[in-house]
Amino acid sequence: MNFQCLLVLAVSFTVVVAHEGLTARADVPLYGQCGGIGYTGSTTCAQGVCTYSNPYYSQCILGSGTTSTTPPASTPTTTTKTTAPTSTPTSTGNLPSSFRWSSTGALIGPKADSRNIAGIKDPSIVQYNGVYHVFASTAQESGYSLVYLNFTDFSQAGSANQFYLDQSGIGTGYRAAPEIFYFAPQKTWYLIFQNGNAAYSTNPDISNPKGWSAPKNFFSSMPSIISSNIGNGNWVDMWVICDSANCYLFSSDDNGHLYRSQTSLANFPNGMGQPVIALSDSNPYNLFEASNVYNYGKGYLLIVEAIGSDGHRFFRSWTSSSISGSWTALANTEANPFARASNVVFSGTAWTQDISHGEMVRSGYDQTLTISPCNLRYLYQGQVPGSTADYNALPWRLALLTQTNSAC
Ligand SMILES: *[C@@H]1O[C@H](CO)[C@@H](O)[C@H](O)[C@H]1NC(C)=O
């Protein structure tokens, strides 16, 4: 099965290379703007097809769609959002109440080297000084570790060098599900990850992958609220986000609970308090793992990965006016998901039926995890269907979703 998947991957990489060969007379790069009201630049895509997104934005994306900077004739008229009055003053300004996406094929997979890695998973991404920096898990039967790569254009993501972070102070052993951000108060980068505990490593220079410090844990041991609620689950997917006063650490237990603890911005990373349950569901599959929380300007967006009735992974979403506030449903059902194979358009045959653990391409890079609510892009893990490998050895690959129904 793995051999077959490698073949599939080899084919998709060949396609990418072939596309790169066409970029000599390139105009607008992949994912660049190529049309829209007020836009005066080139409408010729170096790669991909110029695709209408909304009246103000057309974008070069990979796909079999027809070249157009005008709306397709069948474009649905803008729906008026009817927001039920609630007691919380949350504004979902510019975030739609339902989402539509297009996806690339698999862009990033394991290198064919002596490590024999089966899957690249759980990406965190930040754009800094014009360079995308991606941190991800490597998975194989023997366990998990971390990898780092960078590129300036997603068309180069598959060929980017992959630096194994066990070659840094992070060291060997169980490390997975990284999150990267710059902690401005200390002028240093933080990598948050799971190692059985919730851990972090720091580095003053994101461009020096050897510079990561030895891991330190946030807690002396698993907090008691987690051990008493975890059942047969796993304590996973640690996620830090800060506002102007506090830093919060979210985590999941694969058993229907999303936890949140906090410390002051001044004290971070020390003093992380006992967690509370931020959100729960009696069906663990509905609130499984891989949470992300972002500041989208008018509030906070939470997405959590669920396992659907078809057995496939997808994302549900909520908003809140504060990180520690209560979460109001946005698009959070199988019928109206944040991101699921059912609201994603693939170019050609869908390469994956799972839309799983990933990260938004942020507009900033610091601890506030700020995103624009417009033209969302989400780097996710998917898997070529049909693998019968054990969970750790599944052929996960990374691909990019681009929102196609941006409200702004
Ligand atoms: C990209 O990654 C390599 C390691 O693979 C590193 O040496 C280099 O400094 C990184 N480039 C940037 C611009 O961060």
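Asp 237 is buried, with a relative accessible area of 6%; buried here means under 20% relative accessible area, exposed means over 50%, and partly exposed is in between (1.4 Å probe, protein chains only). Asp 237 sits in strand S13 (residues 236-242), and its phi is near 60°, a positive value in a residue other than glycine. Helices (H or I, at least four residues) and strands (E, at least two) are DSSP runs, numbered from the N terminus.

This is a predicted model, in which local features need pLDDT of at least 70 and side-chain atom pairs count only at pLDDT 80 or more, while totals for chains, interfaces and linings use all residues. Residues are numbered from 1 along each chain as its sequence is written, and side-chain values use heavy atoms, with hydrogens and water left out.

**The chain as a whole**

- The secondary structure of the chain comes to two helices and 24 strands.
- Of the 408 residues in the chain, 54% count as buried.
- The chain has an accessible surface of about 16,600 Å², and carbon and sulfur atoms account for 51% of it; accessible areas come from the Shrake-Rupley method with a 1.4 Å probe, and for residues only the protein chains shown count as cover.
- Among contacts in the chain with a separation of 6 or more, 53% come from residues 24 or more positions apart; contact means heavy atoms within 4.5 Å.

**Around the ligand**

- His 133, Tyr 148, Asn 150, Asn 161, Ser 207 and Pro 209 surround the ligand, where a residue is near a molecule or strand if one of its heavy atoms lies within 4 Å of it.
- By class, this shell has two nonpolar, four polar and no charged residues; Ala, Val, Leu, Ile, Met, Phe, Trp, Tyr, Cys and Pro count as nonpolar, Asp, Glu, Lys and Arg as charged, and the others, Gly among them, as polar.
- An N or O atom in the side chain of Asn 150 is 2.3 Å from an oxygen atom of the ligand.
- For Asn 161, a polar side-chain atom lies 2.8 Å from a ligand oxygen atom, and for Ser 207 a polar side-chain atom lies 2.6 Å from a ligand oxygen atom.
- Taken alone, the ligand exposes 360 Å², and the protein buries 63% of that.

**Nonpolar cores**

- In soluble globular proteins, nonpolar side chains tend to be buried together.
- The largest nonpolar core has 62 residues, of which Trp 101, Phe 218, Phe 250, Phe 268, Leu 301 and Phe 338 touch the most other members; such a core is a set of buried Ala, Val, Leu, Ile, Met, Phe, Trp, Tyr and Cys residues joined through side-chain atoms within 4.5 Å.
- Apart from it lies another core, of 19 residues, including Ile 120, Tyr 132, Tyr 164 and Leu 379.
- Not counting residues up to four places away in sequence, Phe 218 touches several residues, among them Ile 192, Tyr 200, Leu 249, Phe 268, Pro 269 and Met 272.

**Backbone details to look at**

- Most residues other than glycine have a negative phi, and most peptide bonds are trans.
- The peptide bond from Phe 268 to Pro 269 is cis, with omega near 5°, and Pro 269 lies in the loop between strand S15 (257-264) and strand S16 (276-280).
- Asn 116 has a positive phi, near 55°, in the loop between strand S4 (101-103) and strand S5 (119-128).
- With a relative accessible area of 58%, Asn 116 is exposed.

**Ser 137 and its neighbors**

- Ser 137 belongs to strand S6 (residues 131-140) and counts as buried at 0% relative accessibility.
- The side chain of Ser 137 reaches the backbone nitrogen of Ala 177 at 2.8 Å.
- Leaving out residues up to four places away in sequence, Ser 137 touches residues including Ile 120, Asp 122, Tyr 144, Leu 146, Ala 177 and Pro 178.

**Pairs across the sequence**

- Ser 102, in strand S4, is buried with a relative accessible area of 9%.
- Ser 102 and Thr 402 are 300 residues apart in sequence and 5.3 Å apart in space, C-alpha to C-alpha.
- Gly 171 lies in the loop between strand S8 (163-164) and strand S9 (176-183) and counts as buried at 18% relative accessibility.
- Between Gly 171 and Ser 145, 26 residues apart along the chain, the C-alpha atoms are separated by 9.1 Å.

Definitions and conventions
A polar contact is a pair of N or O atoms within 3.5 Å; within protein, one must be able to donate a hydrogen and the other to accept it, and residues adjacent in sequence count only if both atoms are side-chain atoms.
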